[in-house]
Amino acid sequence: MTQHSPRKALVIGAGIGGLAAAATLRRAGVEVQVFEQAPELRPGTTAVSLMSNAILALRTLDIDIAPGLAKRGEMFDELKFLTRRGRTIRALPFRDLADRLGASNYAVHRADLQQTLLDALGDDSVIELNAAAKEFVSGDDGVEVTFEDGRKASGDVLIGADGFNSVVRRQVATVDDEPRPGNYMCWLATVPFSHPRLTKGYAAHYWGRGQRFGLADIGHGRAYWWATKNVPDWVTGKPRLGKEKVAGLFAGWADEVREAIRVTPEETIVSITAQDRPYLQRWGTGRTTLLGDAAHPMLVSLGQGAALAIEDAVVLAQHLKATADPVAALRGYEDERRPRTEALVATARALSETEQFEGPLDSRLRDLYFRFAPLAKLTGQNEAVLTWPPQG
């Protein structure tokens, strides 16, 4: 392959990371084919925060998703931290930081984020559905993927963007890679919702003992909520807990918390076990690499999962555009991304453990620290995460 030969990337997975990779790689002049195991593009029924670092990263490739996010989601200017009954612990301002960085932060339904990324891609004909990857072979001249139905596809590089249970990661990993429990359950939902406290751009975390609740305005009369509850570390899978029992866990909490659960149809509540994986130091081999949750799954406390996947996509595209040798480009991408992603995976776990404190003394000290910590310190920590290119 010469320096001027076209390169073709095979992307496994059409989630947030896969669509971002497709859009950025095409912008970098790389031919892309995306393979999704589902029979249709299903973005899920929940929502995400999409932070300024992702928007700023995409702009380095002249991709601006802010108008789409503003149209479909909701910008938030501050994040409130409240007690279980709704009393203020601290409100972190984001408006001034967003103005300084040049991009806002949004709460957005996954379907709306998916459509925004499809708009950036511009051509969904490159997405092939009903294509469940089984295994790959990477050679000197290219990479070949075999699918469960026997089909094969060949390209110059393979990008595993197939999420937490990545098939590509299973073949790449050479170490113990079992999930690490976060030791709590999560319930998530989006719902049409109106409440006096849910003002435009509202975003709040309610802290209890071993429990949390999040509530955010995602635009167009809709709210996103999530709830957590500590469980023993031996609990696996998704323990059955109907809406009535979830509501019981949050009896006595703020009115808007109880009301959000009450008006949500039970069948729309998603239940997941909080977990990540041991950090993987080697993301790829030969002409293959990983991206997003396939590379560095993390607990949700930082709200950075979607943004980091988009950052990955941007850096990957930059390396493939700048480096003639595809293998060198992939290793360069991995070397650049490891320090930041490893640090944020560790930070998310540490913050998650703090937020899920169950003991009365621990949880009280947590609240007091967060109430009285210098604002400059908290703002500096946020700025380090939300800035692009990353500081240092």
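**Exercise 1. Describe the residue classes and the position of the lining of the second largest pocket.**

Step 1. By class, this lining holds eight charged, three polar and three nonpolar residues. Here Ala, Val, Leu, Ile, Met, Phe, Trp, Tyr, Cys and Pro count as nonpolar, Asp, Glu, Lys and Arg as charged, and the others, Gly among them, as polar.

Step 2. The structure is a predicted model, in which local features need pLDDT of at least 70 and side-chain atom pairs count only at pLDDT 80 or more, while totals for chains, interfaces and linings use all residues. Residues are numbered from 1 along each chain as its sequence is written, and side-chain values use heavy atoms, with hydrogens and water left out.

Step 3. Of the 14 lining residues, Thr83, Arg84, Trp207, Arg209 and Asp367 lie nearest the centre of the pocket. On a 1 Å grid over the protein atoms alone, a pocket is an open set of points with protein on both sides within 12 Å along at least five of seven lines, whereas a cavity is a set of points where a 1.4 Å probe fits but cannot get out; lining residues have an atom within 4 Å of a point.

Step 4. The space in this pocket is about 230 Å³, a volume being the space filled by probe spheres set on the points, with grid points joined across faces, edges and corners.

Step 5. Helix α11 (residues 360-372) contributes the most to the lining, namely six residues. Helices (H or I, at least four residues) and strands (E, at least two) are DSSP runs, numbered from the N terminus.

**Exercise 2. Trace the open sheet of seven strands and locate Thr83 and Trp207.**

Step 1. The strand order is β6-β5-β14-β15-β16-β13-β17, and the pairing is mixed. Two strands pair if DSSP finds at least two bridges between them.

Step 2. The edges are β6 (88-93) and β17 (270-276); each has a single partner strand, so one side of each is left without a neighbour in the sheet.

Step 3. From one strand to the next, the twist averages 20°. Axes are lines fitted to C-alpha atoms, for helices over the stretch in contact, and angles run from 0 to 180 degrees between N-to-C directions.

Step 4. Strand β5 (residues 78-83) runs parallel to strand β14 (residues 203-207), joined to it by four bridges. In this pair, threonine 83 stands opposite tryptophan 207; both residues are also among those nearest the centre of the second largest pocket.

Step 5. With β6, strand β5 pairs in the antiparallel sense over five bridges, and glutamate 78 faces proline 93. Four residues lie between the strands of this hairpin, where glycine 86 takes a positive phi near 95°.

**Exercise 3. Identify the backbone features at aspartate 62 and proline 389, and state the confidence of the model.**

Step 1. Most residues other than glycine have a negative phi, and most peptide bonds are trans.

Step 2. Aspartate 62, which is not a glycine, has a positive phi of about 60°; this residue is in the loop between α2 (52-59) and α3 (66-72).

Step 3. The peptide bond from tryptophan 388 to proline 389 is cis, with omega near -5°. Proline 389 is placed in the segment after α12 (375-386).

Step 4. The mean pLDDT (the predictor's confidence in each residue, from 0 to 100) is 95, and 96% of the residues reach 70 or more.
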